[in-house]
Amino acid sequence: MTYLGSFEQLILFSVLQLEGEAYGVSIREDIEERTGRSVSIGAIYTTLGRLEDRGLVRSREEKPQGRPGRPRKYYALAPEGARDLRESYDAIR
């Protein structure tokens, strides 16, 4: 099991809950809605990068449809991330 910090757990729970629609802004909105806590978008992207490097999330880029700009990067829970999140949750309970 990989140790998960509380912010990493919040991010992983949001990625799981958003089911394929998880990108930086949607994750931030989900966390703020659930916790009432303001979260920096930079902290979210930094944490997502670290979680991806550890193999706990996977990402895919999609070109914008009907809007200008860069491709949006979507995140999904990797099997290892789901396992670690479940084990962290069980340990807390």
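Me: Ala, Val, Leu, Ile, Met, Phe, Trp, Tyr, Cys and Pro count as nonpolar, Asp, Glu, Lys and Arg as charged, and the others, Gly among them, as polar. What makes up the lining of the largest pocket by class?

Reply: The model is predicted, with local features needing pLDDT of at least 70 and side-chain atom pairs pLDDT 80 or more, while totals for chains, interfaces and linings use all residues. Residues are numbered from 1 along each chain as its sequence is written, and side-chain values rest on heavy atoms, without hydrogens or water. The lining consists of Tyr 23, Val 25, Tyr 45, Glu 61, Arg 67, Arg 70, Pro 71, Arg 72 and Lys 73, which divide into 4 nonpolar, no polar and 5 charged residues. The space in this pocket comes to about 220 Å³. A pocket here is an open set of points on a 1 Å grid over the protein atoms alone, where a 1.4 Å probe fits, with protein on both sides within 12 Å along at least five of seven lines, and lining residues have an atom within 4 Å of a point.

Me: Why is helix 1 called roughly perpendicular to helix 3?

Reply: Helix 1 (residues 6-18) and helix 3 (residues 41-53), both DSSP runs of H or I with at least four residues, pack at an angle of about 85° with their axes 10 Å apart. Since 65 to 115 degrees counts as roughly perpendicular, helix 1 is therefore roughly perpendicular to helix 3. Phe 7, Glu 8, Ile 11, Leu 12 and Val 15 of helix 1 meet Ala 43, Ile 44, Thr 47, Leu 48, Arg 50 and Leu 51 of helix 3, where contact means heavy atoms within 4.5 Å. By class, this contact holds 8 nonpolar, 1 polar and 2 charged residues.

Me: How do you know that helix 1 is roughly perpendicular to helix 2?

Reply: The axes of helix 1 and helix 2, lines fitted to C-alpha atoms over the stretch in contact, come within 9 Å and cross at roughly 110°, and helix 1 is therefore roughly perpendicular to helix 2. Among the residues that meet are Ser 14, Gln 17 and Leu 18 from helix 1, and Asp 30 and Arg 34 from helix 2. This contact divides into 7 nonpolar, 4 polar and 2 charged residues.

Me: Why is Asp 30 called buried?

Reply: Asp 30, in helix 2 (residues 24-35), has a relative accessible area of 7% and is therefore buried, since that term covers values under 20%, exposed those over 50%, and partly exposed those in between (1.4 Å probe, protein chains only). Leaving aside residues up to four places away in sequence, Asp 30 touches Ser 14, Gln 17 and Leu 18.

Me: What makes Glu 8 buried?

Reply: Glu 8 has a relative accessible area of 8%, and is therefore counted as buried. Lying in helix 1, Glu 8 touches Tyr 3, Thr 47, Arg 50, Leu 51 and Arg 54, not counting residues up to four places away in sequence.

Me: Is Glu 19 buried or exposed, and how do you know?

Reply: The relative accessible area of Glu 19 is 69%, so this residue is exposed. Glu 19 is placed in the loop between helix 1 and helix 2, and its phi is near 40°, a positive value in a residue other than glycine. Most residues other than glycine have a negative phi.

Me: Why is Arg 83 called partly exposed?

Reply: Arg 83, in helix 4 (residues 79-92), has a relative accessibility of 35% and therefore counts as partly exposed. The C-alpha atoms of Arg 83 and Glu 52, which are 31 residues apart along the chain, are separated by 15 Å.

Key:
Axes are lines fitted to C-alpha atoms, for helices over the stretch in contact, and angles run from 0 to 180 degrees between N-to-C directions. Helices (H or I, at least four residues) and strands (E, at least two) are DSSP runs, numbered from the N terminus. Angles under 35 degrees count as roughly parallel, over 145 as roughly antiparallel, 65 to 115 as roughly perpendicular and the rest as oblique. Grid points are joined across faces, edges and corners, and a volume is the space filled by probe spheres set on the points.
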